[in-house]
Amino acid sequence: MKKLFFPIFLLSGVTVVSGIRIFQSGIGEETKILFIAELIHMVMIAILFIMGIIYGIKRIRSTEEGLPEDDELSKKIVRKSAGISFYITLFIWLILLFIQSFIDIDSRVLFSFGFVGMSLTFVITWLITNSCGIKDA
Amino acid sequence: MHNRIKELRAKFGLTQQDLAKKVNVRRETIVFLEKGKYNPSLRLAYDISRVFKLKIEDVFQF
């Protein structure tokens, strides 16, 4: 079970901390754009939490049924998702840095969005890989 | 790669969960195998074939 909780904790921790940082940086600045950005960020965190909970419940059920938490397919799916999402997140960071050169954004906000983007990319890639399967592995 | 897992599972009266337990994988892996969404490792193919008391080539075909 340690293997299960650490990644979920890490994912949730990173997103929550980054979300809080954005929220704090937004207090006092009554700009509409920042409020929308906070809202989007919170929705993203909520989606990530829900996904984490669903994934956790599925794995706990699997253990209760006497089946392994991880097997060769699940490990391959995680590995493939990580590879693809790493490639995608390189572009996310490039875009964020590009945006920063035109708009004055606090570096905390930039990093927060980067982390949320990375987490979301991994979750989405995992979902897609999990539904499509791996034929070429 | 095609396989006869679903057919053989029905013949042996095994559920997906039973087969998953026998070969020590998650039920989802059996679902993926039956749908042809996953090509198993040689070890898993061997374990599944042993459950059905057949050769690998009798269960999995290219």
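Analyst: A helix is a DSSP run of H or I with at least four residues, a strand is a run of E with at least two, and both are numbered from the N terminus. The model they are read from here is predicted.

User: What pattern does chain A follow along the sequence?

Analyst: Chain A reads α-α-α-α. The tally for chain A is 4 helices and 0 strands. Of the 137 residues in chain A, 34% count as buried. Chain A exposes about 8,800 Å², and carbon and sulfur atoms supply 75% of that area. Among contacts in chain A with a separation of 6 or more, 74% are between residues 24 or more positions apart.

User: Why is A:Asn130 called buried?

Analyst: A:Asn130 has a relative accessible area of 19%. Buried means under 20%, so A:Asn130 qualifies. The residue lies in helix H4 of chain A. Leaving out residues up to four places away in sequence, A:Asn130 touches A:Ile77 and B:Phe32.

User: How many residues does each chain bring to the contact between chain A and chain B?

Analyst: Chain A brings 19 residues and chain B brings 17. Together the two chains bury about 1,500 Å², 51% of it on carbon and sulfur atoms. On the chain A side, A:Leu67, A:Glu72 and A:Leu73 lose the most area to chain B, together 33% of what that side buries.

User: What makes A:Asp71 and B:Arg26 a salt bridge?

Analyst: The closest N and O atoms of A:Asp71 and B:Arg26 are 3.5 Å apart. The cut-off is within 4 Å, so the pair counts as a salt bridge. Between chain A and chain B the count is 1 salt bridge, and over all chains it is 6. The crossing pair runs from A:Asp71, in the loop between H2 and H3 of chain A, to B:Arg26, in the loop between H2 and H3 of chain B. Both A:Asp71 and B:Arg26 are buried.

User: What makes the side chains of B:Glu7 and B:Arg4 a salt bridge?

Analyst: The N to O distance for B:Glu7 and B:Arg4 is 3.1 Å, and the limit is 4 Å, so the pair qualifies. B:Glu7 counts as partly exposed at 46% relative accessibility, and B:Arg4 is partly exposed at 25%.

User: Why is B:Val59 called buried?

Analyst: The relative accessible area of B:Val59 is 0%, under the 20% cut-off, so B:Val59 is buried. B:Val59 is in helix H5 of chain B. B:Val59 and B:Ala45 are 14 residues apart in sequence, with 8.3 Å from C-alpha to C-alpha.

User: Is B:Ala20 buried or exposed?

Analyst: B:Ala20 has a relative accessible area of 0%, which is under 20%, so B:Ala20 is buried. B:Ala20 lies in helix H2 of chain B. Residues up to four places away aside, B:Ala20 touches A:Leu67 of chain A, and in chain B it touches B:Val25, B:Arg26, B:Arg27 and B:Ile30.

User: Why does B:Asn24 count as exposed?

Analyst: B:Asn24 has 51% relative accessibility, and exposed means over 50%, so B:Asn24 is exposed. B:Asn24 sits in the loop between helix H2 (16–23) and helix H3 (27–35) of chain B. Its phi is near 55 degrees, a positive value in a residue other than glycine. Most residues other than glycine have a negative phi.

Technical notes: Residues numbered from 1 in each chain as written. Chains lettered and ligands numbered in written order. Predicted model: local features only at pLDDT ≥ 70, side-chain atom pairs only at ≥ 80, totals over all residues. Heavy atoms only, no water. Contact = heavy atoms within 4.5 Å. Buried area = accessible area lost by both parts, 1.4 Å probe. Buried < 20%, exposed > 50% of the residue type's maximum accessible area, 1.4 Å probe, protein only. Areas by Shrake-Rupley, 256 points an atom, 1.4 Å probe, with all protein chains shown as cover.
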